[in-house]
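Me: I would like to go through some of the terms used for this structure. Please set each value against its definition.

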Amino acid sequence: MAAINQDNRGLRLIVRYAVLTLIAIIFIFPVLFMVMSSFKPNLQLLRDTSSLRAFLPVGDISLDNYYDAFRRAPIGLFVFNSVLVTGVTVLLSLFFCSLAAFSFVYLNWKGRDLALTIIIATLIIPFETIAIPLLLFVSKLPWIGLEGIEIGWLDSYHVQIIPWIADGLTVFLFVQYFKDLPGELIEACRVEGASWWQIYVKVVMPLSGPVIATAAILKFLVMYNQYLWPLIVVQQETYRPVLVGLQYFFQLNITWGEIMAYLTIVTIPVLAIYLVLQRAFIASIASTGVKG
Amino acid sequence: MANVKLRGIRKSYGKTEVIKGVDIDIKDGEFVVFVGPSGCGKSTLLRMIAGLEDITDGTLEIDGTRVNDLEPSKRGIAMVFQTYAIFPHMTVRENVAFGLTINKMKKAEKDAKVDDAARILQMEHLMDRRPSELSGGQRQRVAIGRAIVRDPKVFLFDEPLSNLDAALRMDMRMEIGKLHQDLGASMIYVTHDQVEAMTLADKIVVLKDGLVMQAGAPMELYHEPANLFVAGFLGAPSMNFLKVTVDEIGGDWVQVSSDALASVKVPNKGRAFTFGQTATLGIRPQYLTAAPDGQGMLNGKVILTERLGSETVVNLAVADGTTLIAAIAEDAVLVPGDDMAWTFDPAVAHAFPEVS
């Protein structure tokens, strides 16, 4: 009996690992293909796609594509732009959305529930539907810059940041988390004489590590992968983010190897963050049920 | 330290009234316990005194000042919560000092107060730990420490012991009692546990459905319950109730009987009875004893005996189908099925005109 059970368990384990390995392969091979192709000249790259060689570092391997990619586009600038816009947006978003959530959960004000409902309802609106109205809107907004007041936000960092600070998902994540914090902690603060601001800074936020990580990661992915919005609001190279920068490689004589080299480079920051925050990444995706 | 005065306090949530007009006086330095079954409004009442719930109607005075509209922190109260509500991300020292820190007290003064509280609560060795490294009783101590350092006029305790295990609960109960003696501060304590109420209180306020059933010293309530509810709520095991008929009414007595009970004359403390009505006779289990031959007032058949060590609790079935409980000497030998005669001193029995 025991032996049979043992065999059964072994078999089940084998099947489970086989399935997991298959899934891992499906997810890893495109990335592997990208990295391997980035080392190959164009003709070989296209030839290799018909065989498993596509995933192997074989044939004429060199860093030429990387040299060429750097010569063709200001990659450093694009990565800097993306990291700057993403970093600032994530920080501001965490701050403002958590404050909003704080007021939804802890403060009593007229219209609170309705406001929260509306904010959460915005989750179902695809960005594409508001892109054009938003473009018209930001093109008419004033901004105080170094040269005084200007009209229109186009071609800047702030046009890539400000519209993305407030978002329903981040507010929702914080609201859910705050609701689960013990209410007596907040009441204890009130009895002790803490102001709402002190409660936010000294008690609620220090206890919100998990939700801060979750919100930051999800926001980071959204921001780093920005394409449509910067494509329509940024014309100047100076403010261009990485994914829009990909256009450079589709203009004259398209070289797939360079494209792959470029994509490999822009993937590095994401991978780095992923490796550092691996645990939080997985926890956040598991806890929200949102796909990465 | 201060007195607290509640006058006509009411609380409604929409159309539901949960506190229906409560008057209570709490004297300077008094230990008052609000007790009652769950849903009686005792916690709500405490939270209204704390300022965590609005007062719908009535006046709340602390130290002679109306505080209805004051922020909790301005009322001179400190509160200890059921879940302790200590901050998990701070050390014990930071927790205890929290209120002083946010009110920007000077460090030297703050440290002196915190050390003082640590000494009173015997937790000097815990000051650098985090709450996750503490036991339940130690966490409760931290919560009490946080209350002590603020020198409140009134301490509020909201079921502070209900998350502790039985042994620890008794220790902490004694410590809270001792703390009251040492500090001499006014304390208001909410519990559903009548043992805590009896042991700690200078004054017990028994609440039911948002109304005060009776308020007074523990033994006064125990010996002179104002109504059936208080009689049944205080005392363990709880008071026996027998349905009886009123046969005769005197100046300060009333004579009752039933199918199970021979006619007996018991004291009447000014309650209105009418001749022939159905009433309730209350007898505490401790006063019910086995009768010598021929002197029994009622017959009871032993159903079950439970030996508690210090006493034995006997369940008895009497003629009208009621089950009575008698608490008798620990060495009494009774066997289920024994049909015996029982007696009690009519002077310590209670007659209530209402029927439960």
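Reply: We can start with a pairing: 5 bridges join β3(B) to strand β8 (residues 186-191) of chain B, and the two run parallel. This is a predicted model, in which local features need pLDDT of at least 70 and side-chain atom pairs count only at pLDDT 80 or more, while totals for chains, interfaces and linings use all residues. Residues are numbered from 1 along each chain as its sequence is written, chains are lettered from A and ligands numbered from 1 in the order in which they are written, and side-chain values use heavy atoms, with hydrogens and water left out.

Me: What makes β3(B) and β8(B) a pair?

Reply: Two strands pair if DSSP finds at least two bridges between them; strands (E, at least two residues) and helices (H or I, at least four) are DSSP runs, numbered from the N terminus. With 5 bridges, β3(B) and β8(B) therefore pair.

Me: Why is β3(B) called largely enclosed?

Reply: Buried means under 20% relative accessible area, exposed over 50%, and partly exposed in between (1.4 Å probe, protein chains only). In β3 (residues 31-35) of chain B, 5 of the 5 residues are buried, so the strand is largely enclosed by the rest of the structure. Phe31(B), Val33(B) and Val35(B) point one way, Val32(B) and Phe34(B) the other, and all are buried. In a regular strand the side chains alternate between the two faces of the sheet.

Me: Why does Lys42(B) count as buried?

Reply: Its relative accessibility is 5%, so Lys42(B) counts as buried. Lys42(B) lies in helix α1 (residues 42-50) of chain B.

Me: How do you know that the buried residues of α3(B) line one face?

Reply: The buried residues in α3(B) are Lys110(B), Val114(B), Ala117(B) and Ala118(B). Seen down the helix axis, they fall within an arc of 100° (taken from the directions from the axis to the C-beta atoms), so they line one face of α3(B).
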